[in-house]
Amino acid sequence: LSAGYFTVATNQEYAKVAALEQAFENAKPFMKQIADNKLEVTTLEPRIQTLTSAQESTMKWFRIMDHLKTNMPEGVWLTSVACQKQGPDSGVTVSLKGMSTTQEAVGYLILRVDSSKDIETPNLVFTQERRTEKGSALEFEVSGLLSGSKPKQQALSARHSGYLPGK
């Protein structure tokens with residue numbers, strides 16, 4: 001009697017094993033597709049990062065231009081907006097050149113640029129009186145640091161000292 005029971009139990013277990021093996025065989029194409037998808041994601045990751053970075057930069061410049069458009073003092077107009085990176089350890093400098101009717105208006109421009117979250121520490125580079133067809137005006141340049149463009153000081157000092165945070 002017990003031999004019959006064990007025979008039936010063994011056959012049931014063999015049937016379960018066969019069903020699992022069949023399920024495994026049926027799942028192989030899906031597992032291959034998952035592996036192929038992971039490989040494709042790994043291959044595309046640098047492109048995705050580049051596109052994400054480009055989108056973030058585009059939005060930053062959109063915010064800067066929108067801020068300038070809505071916060072330009074009366075009697076001030078821009079003739080040039082440029083940016084430049086001086087070296088690997090410096091940030092990107094944003095330069096705003098333009099004309100103004102008064103020194104006070106240039107000062108208001110600096111205050112309003114300072115309220116932008118995308119330009120840090122704006123400062124006056126120069127003002128110079130210019131004769132124009134319509135009279136005299138002030139030519140000026142204001143520059144500031146593009147936020148987030150300067151390498152992190154802690155990372156730089158850690159690289160040079162050999163100290164890494166958290167170790």
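Predicted model: local features only at pLDDT ≥ 70, side-chain atom pairs only at ≥ 80, totals over all residues.

Reader: What is the mean pLDDT of the chain?
Author: The mean is 87, and 90% of the residues reach 70 or more. pLDDT is the predictor's confidence in each residue, from 0 to 100. Over residues 158-167 the pLDDT is below 50, and this stretch has four contacts in the model beyond near neighbours in sequence.

Reader: Which pattern does the chain follow along the sequence?
Author: The pattern is α-β-β-α-β-β-α, with three helices and four strands. Helices (H or I, at least four residues) and strands (E, at least two) are DSSP runs, numbered from the N terminus.

Reader: How much of the chain counts as buried?
Author: Of the 167 residues, 22% do. Buried means under 20% relative accessible area, exposed over 50%, and partly exposed in between, with a 1.4 Å probe and protein chains only.

Reader: Let's look at H2. Which residues are buried there?
Author: Ala-105, Val-106, Leu-109, Ile-110 and Val-113 are buried in H2. Seen down the axis of H2, the buried residues fall within an arc of 150 degrees, so they line one face of the helix. The arc is taken over the directions from the helix axis to the C-beta atoms.

Reader: And which exposed residues sit on the face turned away from that buried side?
Author: Glu-104 and Leu-111 are the exposed residues carried there.

Reader: What covers the buried residues of H2?
Author: The cover includes helix H1 (2-71) and the strands E1 (76-85), E2 (92-100), E3 (119-132) and E4 (135-146).

Reader: How far apart are the end C-alpha atoms of H2?
Author: They are 17 Å apart, which agrees with the 16 Å that the 12 residues of H2 (residues 103-114) should span at 1.5 Å a residue. The expected span is 1.5 Å times one less than the number of residues.

Reader: Now H1. Where is the kink?
Author: A kink of about 45 degrees lies at Leu-44 in H1, shortly before the proline Pro-46. The bend at a residue is the angle between axes fitted to the seven residues ending there and the seven starting there.

Reader: Which residues of H1 are buried?
Author: Lys-60, Ile-64, His-67 and Leu-68 are the buried residues of H1. They pack against E1, E2, H2, E3 and E4.

Reader: Changing topic: what is the phi of Thr-121?
Author: Phi of Thr-121 is near 45 degrees, a positive value in a residue other than glycine. Most residues other than glycine have a negative phi. Thr-121 lies in strand E3, and counts as exposed because its relative accessibility is 56%.

Reader: Is Glu-120 buried or partly exposed?
Author: Glu-120 is partly exposed, with a relative accessible area of 35%. Glu-120 lies in strand E3. Leaving out residues up to four places away in sequence, Glu-120 touches Gly-144, Leu-145, Ser-147 and Gly-148.

Reader: What does Thr-93 touch?
Author: Not counting residues up to four places away in sequence, Thr-93 touches Ala-82, Cys-83, Gln-84, Ser-143 and Gly-144. Thr-93 lies in strand E2 and, at 26% relative accessibility, counts as partly exposed.

Note on methods:
Residues numbered from 1 in each chain as written. Heavy atoms only, no water. Contact = heavy atoms within 4.5 Å.
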